[in-house]
Each structure stands twice: as C-alpha cells, then as structure tokens.
Amino acid sequence: MRFHQDQLQVLLVFPKEDSQCNGFYQACEKAGFKCSVIKSSQAVMACFMDKHHDIIIIDNRDHQRLDAEALCRSIRSLKLSENTVIVGVVCRAGREEMSVMPLIAAGFTRWYVENPSIMACYNELLQLEFGEVRSQLKLRACNSVFTALDKSHEAIEITSENHIIQYVNHTFEMTMGYQAAELIGKVLAEVPVNEKADFQDTVNSCAGKEWQGIYSARKKNGDNIQQSARIIPVIGQGGKIRHYVSIIRVGNANKDEKPPEGLQTDTLAGHGIREPPPALVLVEVTDHLQVPTWTADDETQKYKDRRKGSLDIRSASSQITNVSSQRRHSSMGRVHSMTIEAPITKIMNIINSAQESSSMPVTEALERVLQILRTTELYNPQFGAEDNDPHALDLVEGLMSDGLRRLSGNNEHIHSPKHLQESSSTIPVVTSLQDMPPQVVLAMENAERWDFNIFELESATLNRHVPLVYLGLETFARFGACQQLNCSEATLKSWLQMIESRYHASNPYHNSTHSADVLHAAAYFLARERIKKTLDPLDEVAALIAAIIHDVDHPGRTNAFLCNEGSDLALVYNDLAVLESHHAALAFQLTLADDTCNIFKNMERNEYRILRQSIIDMVLATEMTRHFEHVNKFINSVNKPLAALEGQEETVRDQDAISTVLRMPENRALIKRMLMKCADVSNPCRPLEQCIEWAARISEEYFSQTDEEKRKKLPVVMPVFDRNTCSIPKAQLSFINYFITDMFDAWDAFADLPDLMQHLDSNFKYWKELDEQKLRSLRPPPESGCSAQPHTAVSFRQQSPETEKASETPATCSGHCLMPASELGPPT
C-alpha cells in the first residue's frame with residue numbers, strides 16, 4: 001500500500017520570538033514545510049484543530065511563561081493528535097540532570113536541546129520527517145486497513161507468535177458472540193473460544209507454511225459450529241514468525257471438500273487441518289505500509305487462494321475453464337460487497353448486535369426471533385397441531401391460498417380455460433333519486449343506521465334488480481360525491497346501472513345486494529367521528545366507489561377454484577389475487593369505455609390518478625391472502641401509537657402528535673384498507689336475522705362450488721362445505737374466531753363501534769348454542785328450546801338453475817337450512 005505524503009505542517013509554540021524560534025522557522029522554509037507560529041497557549045488548540053499539524057514544537061525552557069507539559073496533555077486529549085509528533089525544546093544547561101520521563105508522560109515524542117543554528121534545526125526536522133513522522137503516517141494509513149478488516153464478511157483473528165490475541169474484527173465478534181475487549185491481550189489457550197490451542201504446537205512446528213482446514217469452535221453461548229479457516233504465518237523482523245492471521249469462514253465448512261489441485265494435505269491432531277504448499281505471507285519492509293502480499297507458484301494458485309467460502313473452484317483442465325472460474329469469483333466478490341439495506345435487514349442487524357452482550361436466555365430468545373423474521377409469511381398465523389378444527393383449516397386454506405397446494409395424485413389435471421358467465425339481466429331504468437317508488441323510499445328510511453335491512457331494499461326493488469342503484473344514489477348524494485367527481489347525477493345513475501348489471505344475479509352471495517351491503521357499511525364507517533377527521537373528501541369518494549365495484553362480475557367461485565380450473569382470469573392474472581384484480585380492472589375498463597357513464601371524465605389528471613390508486617388499493621385489500629398482514633400493520637402502525645398518545649393525561653396529550661399519526665399517508669392507506677375489509681365481511685356484526693341470511697347465502701355458494709368441483713373432478717378446496725355433512729354453526733364460529741374477532745376489535749378501538757360489537761357477541765352466542773346442541777343447520781328446531789331464537793325469517797329463494805339442480809333434497813326452516821331434513825337435528 002503506497003501513501004501520498006502532503007507538505008508537512010509544523011506548529012511552533014514559543015511565548016516570545018527568540019533566536020531558537022527563528023532558527024526553526026527558517027529551517028522549515030529551507031525544508032519546504034508549512035510553518036505557523038503561536039505565542040499564546042489559548043490559541044494553540046484552535047490553530048491545531050484547524051490545520052492538523054504533523055509536527056508541534058513547544059518551548060519548554062520557561063515554565064513561568066508557558067506550561068509546556070499541560071499544553072501537551074491538552075493536545076493529546078484530542079483524538080486527532082494520535083499521529084502527531086510533539087517535540088519539547090529544553091535548556092542546554094542542566095540537561096545532564098534532567099530526565100526525559102516527565103516529558104514522555106505528558107505526551108511529548110522527544111526533546112530537543114536548544115540550539116538556534118538553522119542547520120541544527122534543519123537536521124532535526126529532517127530526522128523527524130524520515131523517522132517519527134514517516135512511522136506515524138504509516139500508522140495513520142493503517143486505519144484504512146483496519147476499516148477494511150472490520151467490514152470484511154469473513155471473520156479475522158490476529159495473534160502474536162505466542163498466540164496472544166492482538167485483533168479480532170467485527171464479523172468475528174458477531175460470529176463467536178464475544179466483544180473484542182474480552183479477547184484482546186489474552187492467550188488463545190485461556191479463552192474458550194475454539195479448539196485451536198491443542199494443535200498450536202503442530203502449527204508452530206511447520207514454520208512458514210499456511211494451513212487450511214476445518215475445526216470445531218465454541219461460541220460464547222456454548223454452541224459448537226464448524227469453521228473453515230486459513231491460518232497464515234506473518235514473517236517479521238529476523239525472519240521469524242511474528243503473527244498468525246486466521247481467516248475464518250463460518251457455516252460453509254465441508255469436511256468432505258477436496259483440496260484444490262496442487263495443495264498437499266496433512267491432518268493435524270485429528271482436526272482435519274490440511275497443509276498447503278509453502279505459500280508465505282510476506283511483509284514489505286520499505287517506505288510503504290507493511291501489508292501482506294500473496295505469493296504462489298502460478299496464476300491458477302493465486303485465484304485458488306483468494307476464493308470465497310461459497311465457491312468450490314476445482315483445478316482448471318483448460319484455459320476456458322480457468323477463465324470461467326475467475327469470472328465466477330469476480331461475480332461472487334461483487335455479491336459479497338453489496339450493501340442492500342432493507343428495513344428488515346436493519347432490524348435483524350440490530351437484534352444480532354443485541355445478542356452479543358446479552359445473557360444466554362436472552363440470546364436464545366433473540367435467535368428464535370431471527371428465525372421467525374427469516375420466514376416469508378410474517379403476518380400469517382401458523383396453525384399448529386392443536387388447531388384441528390377442519391372448518392377453520394378449510395376456511396384458511398380456501399380463502400388464503402390459490403388452491404394449488406391440494407393438487408396431488410389423480411387430481412393433477414390440465415383444465416381447459418373457462419369463460420366466466422356473463423350476466424344476462426337487462427339494465428333496469430331508474431330515473432332519479434326523487435323518483436324512487438314508495439316501497440323503496442320506505443325501505444331506505446334508516447339507511448344511515450347500522451340496523452338498516454338491506455334485504456328489505458332488495459325485496460322492494462323486485463328481487464335484487466337495483467338495490468345498488470338506489471342505495472348508491474342516496475349515499476353519493478349524502479356525501480356530495482357528484483360535486484367531488486364533478487359529474488352529473490345522470491352520469492352517476494348510468495354508471496351505477498352499468499356496474500350493477502355486471503353483478504351476477506344468480507350468485508347466492510356475491511351479487512349486487514352484497515355490493516349494496518358493503519356500500520352501506522362503508523358509508524356508516526365514513527360517518528364515524530374519527531374517520532371523518534382522518535380522511536379527505538376524495539378518500540371518502542374512493543371508499544364508496546371501491547365498495548360498489550369490489551366484487552363486480554364475481555363468478556360465485558373462489559380464487560382457488562379458478563386457479564385449479566385453469567380459467568381465463570387465472571391465466572391473465574398469474575394465479576395472484578385473480579378476482580380482486582379482475583374486479584378493479586373491469587370496473588375501470590367499463591367506466592372509461594362509455595362516456596355516458598364515465599364518472600371520472602371531468603376530473604383533473606392528478607386528482608384522478610390519486611383516486612384510481614386509492615380505489616385499486618382498497619379493492620385489492622379485500623383479497624384474503626394478506627388479511628393478517630393488513631390487520632397487524634393497522635394495529636402496530638395506527639392503534640398502538642394512538643393508544644400510547646391518548647393514554648396520557650388530558651393536559652399532556654399532544655393533539656398535534658395524534659393528528660400526525662392519523663394523517664400520515666401510510667397510515668391513511670391502512671385505515672382505508674381496514675375500512676374496506678371490515679365492510680366486506682361485516683355480516684357477523686349485523687343484526688341476527690341478517691347475519692343468518694348472509695350465512696345461508698355464503699354457505700349455499702360454497703356448497704355449489706363443492707358440488708361443481710366433485711362433478712368436474714377438481715381438487716375440493718373446502719371439503720367441509722359439503723351440503724350433506726357441513727355444520728354451518730361450526731363454519732360461522734371458525735370464521736368469527738380466525739378472521740373477524742381480532743379485526744373488529746382493532747377497528748372498534750379505532751372507530752368506536754359499540755353496536756357492531758354487541759351484535760357480534762350475540763351472534764357468536766347464537767352459533768355457539770347451535771353447535772353445543774350438535775345442530776348443523778341455520779336455525780334450531782322449534783322444540784329445541786334454544787334461547788337465541790330469531791324472531792323473523794327472510795328467505796333466500798332465488799337460485800340459479802344449476803344450484804336448484806344440485807339442491808334437490810328437500811329442506812325446511814323457511815329455506816334457511818340448506819341441507820336434508822334428516823340433518824336438522826343432532827346426528828343419530
């Protein structure tokens with residue numbers, strides 16, 4: 001390593017300019033050094049910190065005028081003076097009786113007996129330049145080398161010839177669990193860090209040779225690890241070994257690894273240490289920094305000695321193979337030098353650092369944390385053996401996977417693409433909000449309340465023909481959405497009719513009534529006080545639109561079914577969030593394709609882009625594979641910070657900090673996702689009769705899917721949803737337990753929803769009582785005496801021809817039991 005020596009800077013500290021001061025000043029000019037003269041000790045520190053002089057000469061002849069030793073101590077207290085040479089000028093008279101030790105103790109490098117001769121001063125400066133100053137420059141350059149060692153991905157340990165530890169780098173500390181201060185200065189054999197001590201004599205007997213092999217090492221926490229190491233002797237003064245450098249690769253040790261061609265092996269004391277040929281680490285003792293340089297017999301050997309731990313470079317039989325190996329080495333070198341700092345990487349590095357100084361139980365606990373963080377599904381709960389509820393497992397598998405995990409054995413087929421059924425219903429004519437039929441006006445009286453009954457609106461609009469149109473017009477008018485979109489009511493009406501016509505009326509559950517129900521829930525949430533303060537008017541419009549379109553053109557089948565069937569949609573969206581991507585894409589395609597129903601046509605470009613992005617984000621949030629991720633992020637990023645701020649005393653509470661948490665763009669996105677997710681699956685939080693009706697409809701849709709899967713010999717995504725064996729109470733309880741409770745607890749903590757939580761508790765008790773009576777139906781038989789009897793019955797009667805054909809078995813209980821009459825009571 002060569003270094004560039006800048007023009008030396010000299011600082012003269014003399015309380016008065018006498019012949020000695022002038023002698024040094026003129027000597028500096030003669031030597032070509034920059035020179036500064038300071039008379040006051042108070043100005044010395046500022047001047048030194050400004051120019052960082054290489055040599056400081058202090059007058060130590062008159063202690064009354066200048067306390068040279070105190071000044072030297074002050075200078076040495078600065079870290080930047082570490083490599084500065086400080087000379088004290090002493091009187092000629094009485095120097096025989098003086099001791100140099102007080103000056104050395106104060107921080108002086110040497111003394112200079114006064115001699116004002118320019119040549120004497122000049123000779124002194126030259127000796128300093130080529131002696132102490134040159135050595136200090138080399139030591140200063142060593143900082144670069146040690147910085148490189150500390151950043152190395154390989155663990156490095158340097159010991160003296162007597163095996164006293166001189167240096168370990170940061171990777172060694174991280175690997176072995178020790179801090180450098182615990183190791184440096186100790187004899188290797190005294191530190192229980194590895195097993196090298198028992199073969200040190202063997203290493204010593206092979207002076208000048210580099211050793212490479214595998215040995216077992218013991219970390220601070222007691223764990224044993226395999227290390228692949230190279231132990232390199234460094235030859236110093238007198239041709240003797242002065243240091244050993246160990247370069248250690250951890251975790252890739254392979255005891256069966258063959259040595260590169262040309263390397264002889266020898267086993268040392270049963271430790272499997274292989275002996276390479278004499279390839280010394282030489283040290284240049286020149287004007288350059290003393291650094292190791294590699295020597296080898298040929299170019300191939302040089303590349304073998306420099307290989308990375310993850311490479312196994314075999315001997316090259318041809319020039320082409322050798323070039324390929326070198327290129328591979330270069331690529332791996334670039335990989336090791338990459339600094340890709342993702343947030344999760346920073347977290348893991350912080351935990352790694354915490355492990356170093358922690359006790360054994362804490363270290364083990366942190367290691368388990370790291371193992372969890374290395375998994376890919378950080379937010380999805382792991383269902384263990386105790387989670388043996390088949391309903392819960394099938395719901396998790398059916399709603400949170402693409403279904404391909406069930407493909408095995410005879411079920412592995414290649415399916416032809418299937419076109420989704422187009423809705424054949426005609427677009428009904430709705431004139432305006434003021435022209436609603438009386439029965440519709442009556443059904444929508446309580447549209448702003450949570451106990452609003454969407455099924456009454458469905459009946460009032462002739463069996464789900466236009467509940468979405470009427471409720472959409474009323475809701476958009478209430479929120480001033482047309483003004484925000486800058487569109488007319490006629491355009492909005494056309495858009496609502498167009499969207500509703502693309503919902504499949506034949507679907508038991510995923511139809512326009514469900515869309516209207518989600519719209520109602522979203523509007524109810526938007527009216528909550530905290531959410532009104534958090535979201536902008538454009539956010540509100542985005543949420544309303546997302547609720548309306550979130551299931552448009554839904555085929556009544558799950559994503560897993562479409563992937564297993566090989567449908568066109570699954571192919572287009574690569575089996576990822578198939579339906580949710582389709583809903584968002586189709587809605588925008590239909591809207592932009594027809595100017596008469598393009599509610600976005602008058603928006604500014606930037607505002608439209610923001611609105612579109614928000615709508616898509618909320619629709620995609622309804623996809624269940626990321627359910628736990630969204631919920632956990634909301635809890636940790638929104639609820640917990642708010643709880644900490646709001647838990648303070650009223651006088652201390654920082655309203656600005658609360659507002660900051662709520663208005664952060666990332667948190668607003670999380671709030672909107674949670675709003676849409678809760679609106680989409682709010683059925684268990686509805687009044688009991690509505691909850692039962694929705695349970696009937698979703699069960700029928702799942703039953704129909706299972707029937708089709710069996711007919712087509714497809715993998716059955718949710719086997720428990722077999723209409724002949726399914727327990728609807730169990731399915732509802734599992735859905736509430738695994739997906740609903742935690743999410744709505746978090747949403748209630750944020751938005752304050754006591755009515756919803758009361759309904760959720762009551763509905764859970766209702767399903768629990770049915771399950772405890774071993775009933776698998778939607779309702780208890782009249783004679784059962786169930787305390788949670790619903791008072792009225794709303795029937796889902798309209799079914800597709802396919803569904804009716806699949807449901808030929810008679811059912812009772814006002815159309816709700818959706819299973820054979822023999823299954824209404826407890827199993828016999």
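## Helix α21 against helix α28

In this predicted model, helix α21 passes helix α28 in a right-handed crossing. The two helices, α21 spanning residues 537-549 and α28 spanning residues 665-680, pack at an angle of about 35 degrees, and their axes lie 11 Å apart. On the α21 side the contact is made by D539, A543, A546 and A547, while α28 contributes R668, K672, L675 and M676. Sorted by class, the residues of this contact between α21 and α28 comprise five nonpolar and three charged ones, with no polar residue.

## Helix α21 against helix α16

Helix α21 also has helix α16 (residues 467-479) as a partner, the axes of the two coming within 11 Å and crossing at roughly 175 degrees. Because angles over 145 degrees count as roughly antiparallel, α16 is described as roughly antiparallel to α21.

The residues that meet here are L468, T475, F476 and F479 from α16 and E540, L544, I545 and I548 from α21. By class, the contact of α16 with α21 holds six nonpolar residues, one polar residue and one charged residue.

## The five-stranded sheet

Elsewhere in the model, five strands form an open sheet in the order β2-β1-β3-β4-β5, and their pairing is parallel. Its edges are β2 (34-38) and β5 (110-113), each of which pairs on one side only. Neighbouring strands of the sheet are turned against each other by 20 degrees on average, with direction ignored.

Helix α3 (residues 68-76) packs on this sheet, where it touches β1, β3 (55-59) and β4 (85-90), and the direction of α3 makes about 155 degrees with that of β3.

## Strand β1 and its surroundings

Strand β1, which covers residues 9-13, pairs with β2 in the parallel sense over five bridges. Within this pairing, V10 has C35 of β2 as its bridge partner.

In a regular strand the side chains alternate between the two faces of the sheet. In β1, Q9, L11 and V13 point one way and V10 and L12 point the other way, and all of them are buried. Since buried means under 20% relative accessible area, and five of the five residues of β1 are buried, this strand is largely enclosed by the rest of the structure.

Terms used: Residues numbered from 1 in each chain as written. Predicted model: local features only at pLDDT ≥ 70, side-chain atom pairs only at ≥ 80, totals over all residues. Heavy atoms only, no water. Axes fitted to C-alpha atoms, helices over the stretch in contact; angles between N-to-C directions. Helix = DSSP H or I, 4+ residues; strand = E, 2+ residues; numbered from the N terminus. Left-handed = near helix turned anticlockwise from the far one by under 90°. Contact = heavy atoms within 4.5 Å. Nonpolar A, V, L, I, M, F, W, Y, C, P; charged D, E, K, R; others polar. Pairing = 2+ DSSP bridges. Parallel < 35°, antiparallel > 145°, perpendicular 65-115°, else oblique. Buried < 20%, exposed > 50% of the residue type's maximum accessible area, 1.4 Å probe, protein only.
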